[in-house]
Amino acid sequence: MTEAAELPQAPEEARTVFGEFFSEAVRYAELLADAGVKRGLIGPREVPRLWERHLLNCAVLSEVVPEGVTVCDVGSGAGLPGIPLALVRPDLKITLLEPLLRRTNFLQEVVELLGLDHVTVVRGRAEEVLGTLPPVHVVTARAVAPLDRLAGWGVPLLRPYGEMLALKGDTAEEEINGARAALTKLGVVDTSVLHVGEGVVDPLSTVVRVEVGESPGGVRFAAKRAKAARVGRTRRRR
(Lines give C-alpha, C1' and ligand atoms only; values in the text may rest on other atoms or scores of the structure.)
Protein backbone atom coordinates (compact mmCIF):
# COMPACT_ATOMS: atom_id res chain seq x y z
CA MET A 1 0.00 0.00 0.00
CA THR A 2 1.47 3.36 -1.02
CA GLU A 3 1.89 6.07 1.59
CA ALA A 4 -0.64 8.90 1.39
CA ALA A 5 0.64 12.08 -0.19
CA GLU A 6 1.18 15.01 2.15
CA LEU A 7 -0.76 18.24 1.76
CA PRO A 8 1.71 21.06 1.05
CA GLN A 9 1.68 24.29 3.00
CA ALA A 10 -0.68 26.91 1.65
CA PRO A 11 1.02 29.33 -0.76
CA GLU A 12 1.09 33.07 -0.02
CA GLU A 13 -1.41 33.63 -2.83
CA ALA A 14 -3.98 31.70 -0.79
CA ARG A 15 -3.69 34.18 2.09
CA THR A 16 -4.40 37.02 -0.31
CA VAL A 17 -7.29 35.33 -2.12
CA PHE A 18 -9.11 33.88 0.90
CA GLY A 19 -8.35 36.78 3.24
CA GLU A 20 -10.23 36.51 6.53
CA PHE A 21 -11.44 33.04 5.52
CA PHE A 22 -7.92 31.69 5.01
CA SER A 23 -8.12 29.37 8.04
CA GLU A 24 -11.38 27.91 6.69
CA ALA A 25 -9.71 27.35 3.31
CA VAL A 26 -6.87 25.48 5.05
CA ARG A 27 -9.41 23.34 6.90
CA TYR A 28 -11.18 22.56 3.63
CA ALA A 29 -7.89 21.57 1.99
CA GLU A 30 -7.17 19.27 4.93
CA LEU A 31 -10.61 17.66 4.61
CA LEU A 32 -10.08 17.08 0.89
CA ALA A 33 -6.64 15.56 1.50
CA ASP A 34 -7.99 13.24 4.19
CA ALA A 35 -11.71 12.36 3.99
CA GLY A 36 -11.90 13.45 0.35
CA VAL A 37 -9.29 10.88 -0.67
CA LYS A 38 -10.58 8.13 1.63
CA ARG A 39 -14.10 8.49 0.23
CA GLY A 40 -12.91 8.56 -3.36
CA LEU A 41 -13.91 12.17 -4.03
CA ILE A 42 -10.46 13.15 -5.25
CA GLY A 43 -7.48 11.05 -6.30
CA PRO A 44 -4.47 10.80 -3.95
CA ARG A 45 -2.23 12.17 -6.70
CA GLU A 46 -4.15 15.45 -6.52
CA VAL A 47 -3.17 16.14 -2.91
CA PRO A 48 0.24 17.75 -3.64
CA ARG A 49 -1.42 20.19 -6.06
CA LEU A 50 -4.64 20.83 -4.16
CA TRP A 51 -3.93 24.52 -3.65
CA GLU A 52 -2.84 25.57 -7.12
CA ARG A 53 -4.88 23.20 -9.28
CA HIS A 54 -8.06 23.07 -7.23
CA LEU A 55 -8.69 25.64 -4.49
CA LEU A 56 -7.06 28.67 -6.08
CA ASN A 57 -8.08 27.64 -9.60
CA CYS A 58 -11.69 27.66 -8.42
CA ALA A 59 -11.54 30.66 -6.08
CA VAL A 60 -10.49 33.05 -8.86
CA LEU A 61 -13.81 32.33 -10.59
CA SER A 62 -15.11 34.98 -8.17
CA GLU A 63 -13.57 37.64 -10.42
CA VAL A 64 -16.40 37.21 -12.93
CA VAL A 65 -19.35 36.48 -10.62
CA PRO A 66 -21.58 39.55 -10.03
CA GLU A 67 -22.22 40.80 -6.49
CA GLY A 68 -25.04 39.48 -4.34
CA VAL A 69 -26.43 36.92 -6.79
CA THR A 70 -27.76 33.39 -6.42
CA VAL A 71 -25.51 30.58 -7.67
CA CYS A 72 -26.06 26.88 -8.37
CA ASP A 73 -22.92 24.74 -8.59
CA VAL A 74 -23.97 21.84 -10.84
CA GLY A 75 -22.30 18.47 -10.24
CA SER A 76 -20.48 19.93 -7.25
CA GLY A 77 -18.66 16.71 -6.39
CA ALA A 78 -16.18 17.50 -3.62
CA GLY A 79 -17.32 21.14 -3.66
CA LEU A 80 -15.30 22.49 -6.55
CA PRO A 81 -15.76 25.30 -7.49
CA GLY A 82 -18.68 25.98 -5.11
CA ILE A 83 -16.91 25.89 -1.75
CA PRO A 84 -13.82 27.97 -2.68
CA LEU A 85 -16.22 30.47 -4.27
CA ALA A 86 -18.31 30.53 -1.09
CA LEU A 87 -15.20 31.18 1.02
CA VAL A 88 -14.16 34.25 -0.95
CA ARG A 89 -17.69 35.55 -1.62
CA PRO A 90 -19.95 35.56 1.46
CA ASP A 91 -22.26 37.92 -0.47
CA LEU A 92 -23.44 35.04 -2.67
CA LYS A 93 -26.22 32.56 -1.96
CA ILE A 94 -24.90 29.24 -3.23
CA THR A 95 -26.56 25.87 -3.83
CA LEU A 96 -24.28 22.84 -4.21
CA LEU A 97 -26.16 20.41 -6.46
CA GLU A 98 -24.85 16.85 -6.50
CA PRO A 99 -26.65 13.53 -7.21
CA LEU A 100 -24.42 11.08 -5.27
CA LEU A 101 -25.18 10.52 -1.58
CA ARG A 102 -21.57 10.00 -0.44
CA ARG A 103 -20.67 13.34 -2.01
CA THR A 104 -23.62 15.25 -0.58
CA ASN A 105 -22.80 13.82 2.86
CA PHE A 106 -19.24 15.15 2.53
CA LEU A 107 -20.47 18.52 1.27
CA GLN A 108 -22.91 18.87 4.15
CA GLU A 109 -20.16 18.08 6.65
CA VAL A 110 -17.87 20.67 5.07
CA VAL A 111 -20.58 23.35 5.03
CA GLU A 112 -21.32 22.77 8.72
CA LEU A 113 -17.67 22.57 9.81
CA LEU A 114 -16.76 25.78 7.99
CA GLY A 115 -19.90 27.63 9.09
CA LEU A 116 -20.99 28.46 5.54
CA ASP A 117 -24.48 29.74 6.34
CA HIS A 118 -24.94 31.07 2.80
CA VAL A 119 -24.48 27.61 1.25
CA THR A 120 -27.15 24.90 0.81
CA VAL A 121 -26.52 21.31 -0.27
CA VAL A 122 -29.14 19.66 -2.49
CA ARG A 123 -29.01 16.05 -3.63
CA GLY A 124 -30.26 15.54 -7.17
CA ARG A 125 -29.56 15.87 -10.87
CA ALA A 126 -30.10 19.16 -12.63
CA GLU A 127 -32.87 17.73 -14.79
CA GLU A 128 -34.64 16.39 -11.68
CA VAL A 129 -34.70 19.65 -9.71
CA LEU A 130 -35.87 21.81 -12.63
CA GLY A 131 -38.94 23.70 -11.44
CA THR A 132 -38.37 22.83 -7.77
CA LEU A 133 -35.24 24.92 -7.22
CA PRO A 134 -35.78 28.66 -7.71
CA PRO A 135 -34.04 29.85 -10.90
CA VAL A 136 -30.61 31.35 -10.21
CA HIS A 137 -28.56 34.21 -11.63
CA VAL A 138 -25.43 32.09 -12.17
CA VAL A 139 -24.73 28.39 -12.74
CA THR A 140 -21.16 27.21 -12.14
CA ALA A 141 -19.49 23.93 -13.08
CA ARG A 142 -16.07 22.34 -13.34
CA ALA A 143 -15.02 19.16 -15.12
CA VAL A 144 -18.60 17.88 -15.27
CA ALA A 145 -19.23 17.19 -18.96
CA PRO A 146 -18.65 18.52 -22.50
CA LEU A 147 -20.16 21.98 -22.99
CA ASP A 148 -23.20 20.94 -25.05
CA ARG A 149 -24.28 18.38 -22.44
CA LEU A 150 -23.38 20.63 -19.51
CA ALA A 151 -25.43 23.47 -20.96
CA GLY A 152 -28.40 21.13 -21.31
CA TRP A 153 -28.28 20.57 -17.56
CA GLY A 154 -27.25 24.00 -16.33
CA VAL A 155 -28.87 26.57 -18.61
CA PRO A 156 -32.50 25.61 -17.76
CA LEU A 157 -31.75 26.36 -14.08
CA LEU A 158 -31.02 30.01 -14.88
CA ARG A 159 -33.20 33.07 -14.52
CA PRO A 160 -33.85 35.09 -17.66
CA TYR A 161 -30.64 36.90 -18.67
CA GLY A 162 -28.56 34.73 -16.34
CA GLU A 163 -25.24 33.11 -17.16
CA MET A 164 -23.41 29.82 -16.83
CA LEU A 165 -19.71 29.98 -15.90
CA ALA A 166 -17.86 26.75 -16.64
CA LEU A 167 -14.22 26.20 -15.74
CA LYS A 168 -12.65 24.57 -18.79
CA GLY A 169 -9.23 23.80 -20.26
CA ASP A 170 -7.34 24.57 -23.45
CA THR A 171 -10.13 23.25 -25.67
CA ALA A 172 -12.66 25.88 -24.53
CA GLU A 173 -12.96 27.57 -27.93
CA GLU A 174 -13.34 24.21 -29.68
CA GLU A 175 -16.10 23.20 -27.25
CA ILE A 176 -17.99 26.41 -27.93
CA ASN A 177 -17.73 25.94 -31.69
CA GLY A 178 -18.90 22.34 -31.43
CA ALA A 179 -21.83 23.23 -29.18
CA ARG A 180 -23.22 26.29 -31.01
CA ALA A 181 -26.30 24.56 -32.41
CA ALA A 182 -27.21 23.03 -29.04
CA LEU A 183 -26.60 26.34 -27.24
CA THR A 184 -28.87 28.24 -29.64
CA LYS A 185 -31.70 25.78 -28.99
CA LEU A 186 -31.22 26.37 -25.26
CA GLY A 187 -31.84 30.09 -25.59
CA VAL A 188 -28.18 31.12 -25.37
CA VAL A 189 -27.54 34.57 -26.85
CA ASP A 190 -23.78 34.96 -26.30
CA THR A 191 -20.67 32.95 -25.42
CA SER A 192 -17.14 34.04 -24.51
CA VAL A 193 -13.89 32.68 -23.11
CA LEU A 194 -12.43 34.47 -20.09
CA HIS A 195 -9.06 34.08 -18.38
CA VAL A 196 -8.96 34.83 -14.65
CA GLY A 197 -6.50 34.62 -11.78
CA GLU A 198 -3.75 37.00 -12.92
CA GLY A 199 -1.01 36.95 -10.29
CA VAL A 200 -2.64 34.02 -8.48
CA VAL A 201 -2.57 30.96 -10.73
CA ASP A 202 -0.30 29.97 -13.60
CA PRO A 203 -1.62 29.09 -16.09
CA LEU A 204 -4.67 31.32 -15.72
CA SER A 205 -8.04 29.68 -15.12
CA THR A 206 -10.12 29.42 -18.30
CA VAL A 207 -13.83 30.16 -17.96
CA VAL A 208 -16.50 29.69 -20.61
CA ARG A 209 -19.29 32.21 -20.11
CA VAL A 210 -22.67 31.27 -21.58
CA GLU A 211 -25.30 34.03 -21.42
CA VAL A 212 -29.01 33.44 -21.94
CA GLY A 213 -31.87 35.64 -23.05
CA GLU A 214 -35.42 35.78 -21.74
CA SER A 215 -36.06 32.04 -22.16
CA PRO A 216 -33.32 29.95 -20.47
CA GLY A 217 -33.41 26.43 -21.86
CA GLY A 218 -35.57 27.39 -24.82
CA VAL A 219 -39.19 26.41 -25.49
CA ARG A 220 -38.93 22.78 -24.36
CA PHE A 221 -37.63 23.65 -20.90
CA ALA A 222 -40.10 26.51 -20.47
CA ALA A 223 -42.86 23.90 -20.75
CA LYS A 224 -41.07 21.62 -18.27
CA ARG A 225 -40.72 24.44 -15.75
CA ALA A 226 -44.37 25.38 -16.09
CA LYS A 227 -45.45 21.77 -15.54
CA ALA A 228 -43.18 21.40 -12.47
CA ALA A 229 -44.57 24.65 -11.03
CA ARG A 230 -48.17 23.41 -11.50
CA VAL A 231 -47.35 20.12 -9.77
CA GLY A 232 -45.71 22.02 -6.90
CA ARG A 233 -48.77 24.24 -6.42
CA THR A 234 -51.06 21.20 -6.43
CA ARG A 235 -48.97 19.45 -3.77
CA ARG A 236 -48.94 22.54 -1.54
CA ARG A 237 -52.75 22.77 -1.69
CA ARG A 238 -53.19 19.18 -0.50
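Q: Which residue of β4 stands opposite D73?
A: T140 in β4 stands opposite D73. The model is a predicted one, in which local features need pLDDT of at least 70, side-chain atom pairs count only at pLDDT 80 or more, and totals for chains, interfaces and linings use all residues. Residues are numbered from 1 along each chain as its sequence is written, and side-chain values use heavy atoms, with hydrogens and water left out.

Q: Why is the passage from β2 to β3 called a β-α-β crossover, and what is its hand?
A: From β2 the chain passes through helix α5 (residues 101–114) to β3. The crossover is right-handed, a term used if, with the strands pointing away from the viewer, the path from the first strand over the helix to the second runs clockwise.

Q: What makes β3 and β6 the edges of the sheet?
A: The open sheet has seven strands in the order β3-β2-β1-β4-β5-β7-β6, with mixed pairing. Both β3 and β6 (188–196) have a single partner strand, so one side of each lacks a neighbour in the sheet. From one strand to the next, the twist averages 20 degrees.

Q: Why are α2 and α3 called oblique?
A: The axes of helix α2 (residues 22–38) and helix α3 (residues 50–59) come within 12 Å and cross at roughly 120 degrees. Axes are lines fitted to C-alpha atoms, for helices over the stretch in contact, and angles run from 0 to 180 degrees between N-to-C directions. Angles under 35 degrees count as roughly parallel, over 145 as roughly antiparallel, 65 to 115 as roughly perpendicular and the rest as oblique. The α2 and α3 pair is therefore oblique.

Q: What makes up the contact of α2 with α3?
A: Contact means heavy atoms within 4.5 Å. A25, V26, Y28, A29, L32 and A33 of α2 take part, together with L50, W51 and L55 of α3. These residues divide into nine nonpolar, no polar and no charged, where Ala, Val, Leu, Ile, Met, Phe, Trp, Tyr, Cys and Pro count as nonpolar, Asp, Glu, Lys and Arg as charged, and the others, Gly among them, as polar.

Q: Why is α2 called roughly antiparallel to α5?
A: Their axes come within 11 Å and cross at roughly 150 degrees, which makes α2 roughly antiparallel to α5.

Q: What is the relation of α7 to α8?
A: The axes of α7 and helix α8 (residues 172–185) come within 8 Å and cross at roughly 45 degrees. The two helices are therefore oblique to each other.

Note on methods:
Helices (H or I, at least four residues) and strands (E, at least two) are DSSP runs, numbered from the N terminus. Two strands pair if DSSP finds at least two bridges between them.
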